[in-house]
Amino acid sequence: MLGVQVSRGDRRMNPALITYGALGIAIMFEIIGTTLLQQSQQFTRWLPTLGMALCYGAAFYFLSIALKTIPVGVAYAIWSGMGIVLIALIGLMLFGQKLDLPAIIGMAMIIGGVVVMNLFSKTVSH
């Protein structure tokens, strides 16, 4: 169902929207899982550890849906790039971890790379 157009009344959902939506959900679960990994205190707290495991499982499930359409290299570049930037922002906001200028420049370059790849690469399925 996720690899085909889904009817919604007289409109059809775009398969790319479903695919990239699945990738976005995978990234969100991965970010939550990584945040819970920090909170698990090296697996000594059972609730964050359980949440982390469930989130990582869900992240890989939704990534597998995205991989039906998106090439693995492209999906992983988007996954890792967005994950790096979003986890760094969560570290800044929730854990008080500071970002120096080279870190900020590096993350801007990662975002730029993901944007360039998605806008101009013929490898990316649109």
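Predicted model: local features only at pLDDT ≥ 70, side-chain atom pairs only at ≥ 80, totals over all residues.
A residue is called buried when its relative accessible area is under 20%, exposed when that area is over 50%, and partly exposed in between, using a 1.4 Å probe and protein chains only. Residues are numbered from 1 along each chain as its sequence is written, and side-chain values use heavy atoms, with hydrogens and water left out.

Let's start with the whole chain. Its secondary structure comes to four helices and two strands, where helices are DSSP runs of H or I with at least four residues, strands are runs of E with at least two, and numbering goes from the N terminus. Along the sequence the pattern reads β-β-α-α-α-α. The accessible surface comes to about 8,100 Å², and 70% of it belongs to carbon and sulfur atoms; areas like this come from the Shrake-Rupley method with a 1.4 Å probe, and for residues only the protein chains shown count as cover. As for contacts (heavy atoms within 4.5 Å), take those in the protein chain with a separation of 6 or more: 60% of them are between residues 24 or more positions apart.

Now for the helix pairs. Two packed helices are described by the angle between their axes and the distance between the axes. The axes here are lines fitted to C-alpha atoms, for helices over the stretch in contact, and the angles run from 0 to 180 degrees between N-to-C directions.

Take α1 (residues 15–39) and α2 (residues 46–66), whose axes come within 7 Å and cross at roughly 160 degrees. That makes α1 roughly antiparallel to α2; the words go by angle, with under 35 degrees roughly parallel, over 145 roughly antiparallel, 65 to 115 roughly perpendicular and the rest oblique. The crossing of α1 past α2 is left-handed, a label used if the near helix is turned anticlockwise from the far one by less than a right angle, with right-handed for clockwise. By class, this contact has 18 nonpolar, five polar and one charged residues. Ala, Val, Leu, Ile, Met, Phe, Trp, Tyr, Cys and Pro count as nonpolar, Asp, Glu, Lys and Arg as charged, and the others, Gly among them, as polar.

Leaving aside its neighbours within four places in sequence, Tyr56 is in contact with Glu30, Gly33, Thr34 and Leu37. Tyr56 and Glu30 are 26 residues apart along the chain, yet their C-alpha atoms are separated by 5.7 Å. With a relative accessible area of 22%, Tyr56 is partly exposed.

Next, the loop between α1 and α2. Gln41 has its place there, and its phi is near 50 degrees, a positive value in a residue other than glycine. Phe43 also lies in the loop between α1 and α2 and, although not a glycine, has a positive phi of about 65 degrees. What about accessibility? Gln41 is partly exposed at 43%, while Phe43 counts as exposed at 54%.

Step back to Gln39, which is found in helix α1. Not counting residues up to four places away in sequence, Gln39 touches Arg45, Pro48 and Phe95. Gln39 is partly exposed, with a relative accessible area of 30%. From Gln39 to Met52, 13 residues apart in sequence, the C-alpha to C-alpha distance is 9.2 Å.

Helix α1 also meets α3. Their axes come within 9 Å and cross at roughly 40 degrees, which makes α1 oblique to α3. This time the crossing is right-handed. Among the residues making the contact are Tyr20, Ile27, Glu30 and Gln39 of α1 and Trp79, Leu86 and Phe95 of α3. The residues of this contact divide into 15 nonpolar, five polar and one charged.

Finally, α3 (residues 72–95) and α4 (residues 101–120) pack at an angle of about 150 degrees, with their axes 10 Å apart. The two are therefore roughly antiparallel to each other, and their crossing is left-handed. The contact includes Val74, Gly81 and Val85 of α3 and Met107, Val114 and Asn118 of α4. Its residues divide into eleven nonpolar, two polar and no charged.
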